[in-house]
Amino acid sequence: MEGESYAQNRAKEMREMMKTYLVTGGAGFIGSNYIHYMFRKYGDSIRIINVDCLTYAGNLENLKGIEENPNYTFVKANICDSDSIRRIFAENEIDRVVHFAAESHVDRSIVNPEVFVQTNVLGTLVMLNAAKESWEQKDGTYKPDKRFLHVSTDEVYGSLPDGDGYFYETTPLDPHSPYSASKASSDMLVKSYVDTYKFPANITNCSNNYGPYQFPEKLIPLIINNALQGKKLPVYGDGKNVRDWLYVDDHAKAIDMVQEKGRLGERYNIGGHNEKQNIEIIHIILDTLKEMLPDADPRKRKISEDLITYVEDRKGHDRRYAIAPDKIKAEIGWEPETMFKDGIKKTIAWFFENEDWMKNVTSGDYQKYYDEMYHDRITE
Ligand code: NAD
Ligand code: DAU
């Protein structure tokens with residue numbers, strides 16, 4: 001009996017020590033990979049509450065296998081709905097906020113900027129206020145060991161010229177698209193809470209991610225999906241715009257390390273020194289698909305460089321992004337682990353193994369989106 005009560009006490013202690021994470025946008029691409037990563041890393045020693053309103057980009061299929069975990073809870077709510085968000089804080093002792101939820105696609109922001117301001121700016125304000133209200137003590141200090149991480153992007157820094165320079169944490173914000181302007185605004189709001197209220201937050205600015213569960217409106221999954229169907233591969237402008245690609249698990253690891261080891265109030269850039277022109281990315285995908293598909297697979301015959309189609313450029317298209325990840329390496333010890341040639345193989349293998357996932361997300365509304373975005377650009 002004594003043994004039992006020891007075990008019970010220990011279980012109680014463990015529950016008290018267990019950190020509770022509030023993840024926003026956990027049904028999206030990076031958020032869902034982050035949740036998988038965190039449960040792989042910490043097992044049942046953490047709890048995660050995932051709040052997501054399931055826009056076109058949110059998909060609970062991304063969390064298959066996680067739903068049965070008793071330490072995981074899904075709450076369907078909009079981050080702009082202050083009552084719902086405050087209720088989550090009132091009902092749970094939240095230790096960590098990891099704020100992914102956003103409208104994330106530049107092309108959509110060019111067509112419809114309003115929702116980007118709503119979610120990315122006002123939604124972030126709601127998250128900041130709810131966390132502050134729940135964590136702040138009477139004397140203006142915060143309950144111990146509470147942390148808010150705002151997941152942002154390298155796009156807030158604007159655009160670099162070909163082959164020259166890097167984005168540092170000290171680079172002035174100079175966003176160009178409605179998407180990046182809304183993210184830069186949210187970064188400024190987080191910074192204002194740090195500066196004004198000493199709010200315990202960090203900002204991370206990451207470069208382009210790729211990997212499993214990425215919605216096929218973004219370059220890499222769109223090209224994989226089109227190539228496998230023998231559909232044209234749309235390249236904006238001259239195809240020489242440069243992005244700095246990072247495998248999504250490396251991003252998840254960086255977020256966790258910043259949250260545990262970062263200096264509060266600081267901004268950290270995350271990137272892999274893996275700059276590539278868009279056209280190079282497309283050639284690598286085509287070569288890798290040909291290498292990985294068996295000769296007998298009928299899809300292999302459809303894959304061809306002839307599918308590459310130069311189309312009208314994105315409006316205000318940023319030329320080049322390149323992150324200097326020196327600070328996160330020096331202060332926190334994070335470095336990217338996945339070489340692009342390995343990451344792209346893992347990504348393609350995942351798409352091969354999850355054909356149903358791709359079929360499900362490209363049925364219905366996706367077709368409408370694709371037609372609207374590309375019908376003036378591509379003639380079949
Ligand atoms: P995503 O579009 O795949 O997912 C966004 C998620 O947020 C979806 O699940 C969606 O349902 C949810 N969401 C949107 N509006 C919401 C709202 N009002 N309330 C609640 N949930 C809402 O995005 P992603 O590519 O996973 O990006 C996640 C975050 O990382 C974003 O903040 C983005 O700016 C940032 N980021 C992305 C990249 C990248 O390459 N994808 C790189 C750097 C930073
Ligand atoms: O840099 C980080 C950002 O990366 C994130 O903040 C954004 O949320 C994320 O969407 C991504 O933005 P990009 O605009 O760089 O990603 P996208 O995949 O849309 O485009 C990558 C590049 O490929 C860009 O130069 C535009 C080009 N492109 C894209 C599509 C969809 C094409 O040439 N053809 C296409 O069909």
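# A guided tour of two ligand sites

Select S104 and K218 to begin: their side chains make a polar contact of 3.0 Å. A polar contact here is a pair of N or O atoms within 3.5 Å; within protein, one atom must be able to donate a hydrogen and the other to accept it, and residues adjacent in sequence count only if both atoms are side-chain atoms.

The model is predicted, with local features requiring pLDDT of at least 70 and side-chain atom pairs pLDDT 80 or more, whereas totals for chains, interfaces and linings use all residues. Residues are numbered from 1 along each chain as its sequence is written, chains are lettered from A and ligands numbered from 1 in the order in which they are written, and side-chain values use heavy atoms, with hydrogens and water left out.

**Stop 1: around S104**

S104 sits in the loop between β4 (96–99) and α4 (106–111). Helices (H or I, at least four residues) and strands (E, at least two) are DSSP runs, numbered from the N terminus. Because its relative accessibility is 30%, S104 counts as partly exposed; the term covers values between buried, under 20% relative accessible area, and exposed, over 50% (1.4 Å probe, protein chains only).

Leaving aside residues up to four places away in sequence, S104 touches F116, Y179 and K218, where contact means heavy atoms within 4.5 Å.

**Stop 2: ligand 1**

Next, select ligand 1 and the residues near it, that is, those with a heavy atom within 4 Å. The shell holds 29 residues, and I30, D52, S104, Y179 and K183 are the closest. S104 from the previous stop is therefore one of the closest residues here.

A nitrogen atom of ligand 1 is 3.2 Å from a backbone N or O atom of C53. A polar side-chain atom of N78 lies 2.9 Å from a nitrogen atom of the ligand. At F100, a backbone N or O atom is 2.8 Å from an oxygen atom of ligand 1. On its own, ligand 1 has 830 Å² of accessible area, and the protein covers 97% of this; accessible areas come from the Shrake-Rupley method with a 1.4 Å probe, and for residues only the protein chains shown count as cover.

Colour the shell by class to see 14 nonpolar, 12 polar and three charged residues. In this scheme Ala, Val, Leu, Ile, Met, Phe, Trp, Tyr, Cys and Pro are nonpolar, Asp, Glu, Lys and Arg are charged, and the others, Gly among them, are polar. Then colour by element: α2 (29–42), β5 (147–153) and α6 (178–197) each contribute at least two residues to the shell. The largest share, three residues, belongs to β5.

**Stop 3: S182 in helix α6**

Follow α6 to S182, which lies within this helix. Is S182 buried or exposed? Its relative accessibility is 2%, so S182 counts as buried. Apart from residues up to four places away in sequence, S182 touches F116, V117, N120 and V121.

**Stop 4: ligand 2**

Now select ligand 2. There are 23 residues around it, of which D154, Y179, N208, R314 and Y374 come nearest. For distance labels, start with R243, where a polar side-chain atom lies 2.8 Å from an oxygen atom of ligand 2. A side-chain N or O atom of R314 is 2.6 Å from an oxygen atom of the ligand. A polar side-chain atom of Y374 also lies 2.6 Å from an oxygen atom of ligand 2. The protein covers 95% of the 690 Å² of accessible area that ligand 2 has on its own.

The shell of ligand 2 divides into nine nonpolar, eight polar and six charged residues. Strand β8 (residues 233–236) supplies the largest share, three residues.

**Stop 5: two loops**

Select K198, in the loop between α6 and β6 (201–206). K198 has a positive phi of about 55° although it is not a glycine, and at 62% relative accessibility it counts as exposed. Move on to H273, in the loop between β11 (267–270) and β12 (275–277). H273, also not a glycine, has a positive phi of about 50°.

**Last stop: the whole protein**

The protein has 14 helices and 13 strands, and its C-alpha trace spans about 70 × 50 × 40 Å along the principal axes. Of its 380 residues, 54% count as buried.
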